[in-house]
Amino acid sequence: MPPQVSSSCLFRDVSEAAQEGIAPAGGYNLLGRYDVCCVKTCADLDRKWSFLKSQKFDFWVAHAAAVNIGESVDAPDFGDFQKLESEAMKVLDRWKYIEAMGHIMDNIVSICTKLQIKQMVFFPFGMGAFLRHLGQIDASFLQDEEMLKLRRALAARMVESWARLPQGLKVHLCLQFATDEAQRNADAFLRALSANTASGHRSLLVKDRVVVIPEGDALNVASDLAVRSDGVLLVNGANRRLIQRKNARLNATVLSSPTVGNHWFAGRARAAMDENLHRRSWRLAALSYVLNGHGGEQDTPRRHRDTLAERVRQLGGTVADLNC
């Protein structure tokens, strides 16, 4: 077993929203829509893919799955966020979607309090692949202006959640600028932070507790922060079916779970958040392997609602309920 496996903690959302549609765990989904699974790990490779030879310090990784409404025309979550009155065409209920994403962020904020987190490392959560092809489902989002509005509203809702973070906690926001999509996500968060400051409500001001890191590598940032702090949490954009969802290889540096999806070293998967974390931390990959309980040799098995909770307990970890 990998080190610190008994530190693993599954935070299960038991609110009414967590019981609607396909939100609960079970079936093909290991993780509930609003659940967060936290594990302790350390990094092995830095942002340049060089071995970290100095002493490595542990930090938390919070596996949370964003709402998938646009990864493809078959995006699994879209049905739960489609306007019911529109039968002839598929139309997103954008405010219901934004609030669901805010619900996930609210849970992460609660977990930061429970785990006594001092430094949270974040990125534009759920604003990449899970939105990328939304226009192929709801044609209104083929218009760049509509997609910009959605991204900005989403970032504003997340920043709103940060106002409830524990006093003294710093958010290290890693923003990329290399692609048009990354620039739009960065624009959304920078606008949200500026608007929050302009609001003038002291209780909502979060700009002073956010450190924006242009071209920041989240794993590298978390690893560096862990040298100085024992309360670091890195948010990972996970997948509900398997904690780590992509195909992997076993070699001298990486142990991981071969699962459905892209190959780790093929095409765009090389830059994807979830894959990068697991490729550069053997402990994180090993933890995902044992939590998944599935080696990928066959199709993803069907689970019941408590599969992940039972597995966490079997490994010596804990399960806690949120929004009781």
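1. Does Trp-49 count as buried, exposed or partly exposed? With a relative accessibility of 29%, Trp-49 counts as partly exposed, where buried means under 20% relative accessible area, exposed over 50%, and partly exposed in between, computed with a 1.4 Å probe on protein chains only. This is a predicted model, in which local features need pLDDT of at least 70 and side-chain atom pairs count only at pLDDT 80 or more, while totals for chains, interfaces and linings use all residues. Residues are numbered from 1 along each chain as its sequence is written, and side-chain values use heavy atoms, with hydrogens and water left out.

2. Trp-49 sits in the loop between β2 (36-41) and β3 (59-64), and its phi is near 65°, a positive value in a residue other than glycine. Most residues other than glycine have a negative phi.

3. Gln-116, which is not a glycine either, has a positive phi of about 55°, and its place is in the loop between α1 (94-114) and β4 (119-122). Gln-116 is exposed because its relative accessible area is 63%.

4. Leu-277 belongs to helix α6 (residues 273-279) and, at 2% relative accessibility, counts as buried. Leaving aside residues up to four places away in sequence, Leu-277 touches Leu-219, Leu-234, Asn-236 and Leu-284, a contact being heavy atoms within 4.5 Å. The C-alpha atoms of Leu-277 and Leu-45 are separated by 9.5 Å, although these residues are 232 residues apart along the chain.

Methods:
Helix = DSSP H or I, 4+ residues; strand = E, 2+ residues; numbered from the N terminus.
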